[in-house]
Amino acid sequence: MSKLTGILQIGLGTYPLKGVEAYKAVRMALDVGYLHIDTAQMYGNEKEVGRAIKDSGMARDQLYIVTKIDSGNISAEKFGRTTAMSVAALGGPVDLLLIHWPPEDSEMNSALDSLVAQLENGHAKNIGVSNFSSQMLRYAQAYTQGKIACNQIEFHPLLDQKRLLSAANELGIGITAYSPIARGAAMQQPVIKQIAEKLNRPPSEIVLGWILQQGVAAIPMTTKKENAESNLRAMDIELSLEDMAAITAIGTSGGRTINPSWMNGRWDPAL
């Protein structure tokens with residue numbers, strides 16, 4: 001288990017799936033044993049995710065469902081209303097509600113107030129943020145008096161996130177890795193291929209194992225049953241300290257696969 005109470009280390013990411021494809025992927029994931037499903041208002045697939053959950057016949061309290069508030073909905077006027085719409089689409093209170101992208105400094109306090117309000121009104125069982133730098137994370141945790149449970153960030157061997165992971169550990173905040181195999185690029189690294197061959201495991205499982213062994217949850221997206229099952233098997237991998245260090249050494253501050261223009265200058269600087 002990860003540092004987030006009740007959340008399985010491996011979940012299903014649903015970006016950029018929409019419509020029938022999103023529905024089928026969630027049904028498949030639940031069928032093979034996933035309990036943690038990640039979505040977002042921005043993805044435009046909450047209704048399909050919710051319908052797949054309902055049609056699976058699984059009790060809602062067996063699952064860990066995460067969604068994220070879109071940047072266009074963080075105003076006090078929209079935050080609560082759109083959260084209620086997400087909760088309705090997903091079949092009940094979400095287990096984790098995140099602010100998807102950091103607000104501007106002038107909007108930060110209002111957005112965090114609205115986030116805490118969703119915890120207090122029962123729309124969310126836990127709250128957190130996504131794409132926050134270590135400085136932003138420290139501020140949010142102090143402002144909310146320790147209520148931030150998670151920071152969902154891009155996290156994989158090509159991107160050095162040691163500063164942010166250290167801050168999260170210090171603050172008692174869990175990390176969830178999106179884009180955990182760097183859209184496939186991490187699996188092409190010679191070091192990872194060598195370790196995979198040595199352990200007779202797929203490179204994707206080595207990458208996920210490296211993430212999980214650091215106490216970080218991961219939400220790889222897949223629509224293929226065989227890949228979904230393989231991702232779950234990554235929870236059984238135990239990498240040596242030498243292998244962990246060799247993989248960590250790959251990372252650089254320039255290894256992002258997702259880097260929107262509005263985040264220029266807002267990421268953590270390189271160590």
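**Pockets of the predicted model**

The second largest pocket is lined by Asp105, Met108, Asn109, Ser133, Gln135, Met136, Tyr139, Gly265, Arg266, Trp267, Asp268 and Pro269. A pocket here is an open set of points, on a 1 Å grid over the protein atoms alone, where a 1.4 Å probe fits, with protein on both sides within 12 Å along at least five of seven lines; lining residues have an atom within 4 Å of a point. The structure is a predicted model, in which local features need pLDDT of at least 70, side-chain atom pairs count only at pLDDT 80 or more, and totals for chains, interfaces and linings use all residues. Residues are numbered from 1 along each chain as its sequence is written, and side-chain values use heavy atoms, with hydrogens and water left out.

The volume of the second largest pocket is about 240 Å³, a volume being the space filled by probe spheres set on the points, which are joined across faces, edges and corners. Helix 4 (105-120) and helix 5 (134-143) each contribute at least two residues to this lining (helices are DSSP runs of H or I, at least four residues, numbered from the N terminus).

The largest pocket holds about 710 Å³ of space. Its lining comprises 34 residues, with Tyr15, Ser179, Pro180, Arg183 and Met221 nearest the centre. Helix 8 (203-212) and helix 9 (225-233) each supply at least two lining residues; helix 9 gives the most, with four.

Average pLDDT (the predictor's confidence in each residue, from 0 to 100) is 95 for the protein, and 97% of the residues score at least 70.
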